[in-house]
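Morning, everyone. Let me put one model on the screen and walk you through it.

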Amino acid sequence: MDFAPAAPSLHRTAPPAVAGREPWVPPELSLVCLDIDDTLIDCTAAIRRSLAVLTGRDDLWPLWDLITEEHVALVVAGKLGYDVMHHRRTGCFLAELGILADADQVGAFEARRREILARSWRLFDDVLPCLDWLRAAGLRLAAVTNASGVHQRRKIADLGLAPYFDHVAIAGEIGVAKPDPVMFRSVCLAMDCPPERAVHVGDKLDTDAIGAFGAGLGAVWLDRDGTSRTGERAPDGVHTVAGLGELPELLVSEYATVGVPAPRTAGTPAARLRGGMF
Ligand SMILES: [Mg+2]
């Protein structure tokens, strides 16, 4: 994977010049927000594995994902707490399989599933090089996730991600979730950063990218599965990358100060560090 800085090229979204108007000036960037599940952590693979171990079947991920979406929507709407949701989701999943489990059996299945998950979390290969690049570029980082607090903080800590982030925003802790613009703006507020100087990167087009765009942030859809090549497309103004290895070039292309060498004799430590990279 090549993280060397590249010349601005493919992604710049400067509008065409119009006579009498000021030329487009690329914005400044201070903050990069990153989703966690299936953006940094290969969550789908871990859940697939846990379901396969527990049921002996490897085709149940779509059912689990559908049931999860329905139950997370109830949490976001304030109708369920996360702990209750986890139990009900598992009960609903078992019922869909024709297994009528009582509360203790559902609890045992969920506990076993979490044990397997805890051993299965993995970062995608492009995560740490990208986070290192972003930090070295002097950017502040925030994790922005719709998951619940306890489990998500454990994952972040266990995988060594915590030192990279200046701020962690977890929907289950703050009572609002992506794509609600309040979620994105609360992160910007906590980081004392105007939305237009922040960008959010995530794997869900609606929840992450379009939600962030609607809140006034820069928006990047991380399309690891190549969906944009076969069907779903990001709307104008929302960028698409196939992996985090493409993110540095995109940010260098789109933002004024990312990747701009700083004078060697002046500037902040972060700016000097940035200058030393190129
Ligand atoms: Mg995600």
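Where is the place of Asp-192? Asp-192 sits in the loop between H8 and strand S4 (198-202). Helices (H or I, at least four residues) and strands (E, at least two) are DSSP runs, numbered from the N terminus.

Some ground rules. This is a predicted model: local features need pLDDT of at least 70, side-chain atom pairs count only at pLDDT 80 or more, and totals for chains, interfaces and linings use all residues. Residues are numbered from 1 along each chain as its sequence is written.

Confidence next. pLDDT is the predictor's confidence in each residue, from 0 to 100. The protein averages 86, and 85% of the residues score at least 70. Over residues 1-10, pLDDT stays under 50. It stays under 50 over residues 262-278 as well.

Now the sheet. It is open, with 6 strands in the order S3-S2-S1-S4-S5-S6. The pairing is parallel; two strands pair if DSSP finds at least two bridges between them. At the edges are strand S3 (167-170) and strand S6 (238-241), each pairing on one side only. Neighbouring strands are turned by 20° against each other on average, direction ignored. Strand S5 (residues 218-222) pairs with S6 over 4 bridges. In that pair, Ala-219 has Val-238 of S6 as its bridge partner.

Two helices lie across this sheet. H8 lies across S1, strand S2 (140-145), S3 and S4, at about 155° to S3. Helix H11 (residues 247-254) lies across S4, S5 and S6, at about 150° to S6. Axes are lines fitted to C-alpha atoms, for helices over the stretch in contact (C-beta atoms, placed from the backbone, within 7 Å). Angles run from 0 to 180 degrees between N-to-C directions.

Back to the backbone. Most residues other than glycine have a negative phi, and most peptide bonds are trans. Asp-192 has a positive phi of about 55°. Asp-38 has a positive phi too, about 65°. Asp-38 is in the loop between strand S1 (31-34) and helix H1 (43-55).

Are these two buried or exposed? Asp-38 is buried, with 20 other C-beta atoms within 10 Å. Asp-192 counts as exposed, because it has 9 C-beta neighbours inside 10 Å. The cut-offs: buried is 20 or more other C-beta atoms within 10 Å, exposed is 12 or fewer, partly exposed is in between, with C-beta atoms placed from the backbone.

Last item. The peptide bond from Lys-178 to Pro-179 is cis, with omega near 10°. Pro-179 is in the loop between helix H7 (171-174) and helix H8 (181-190).
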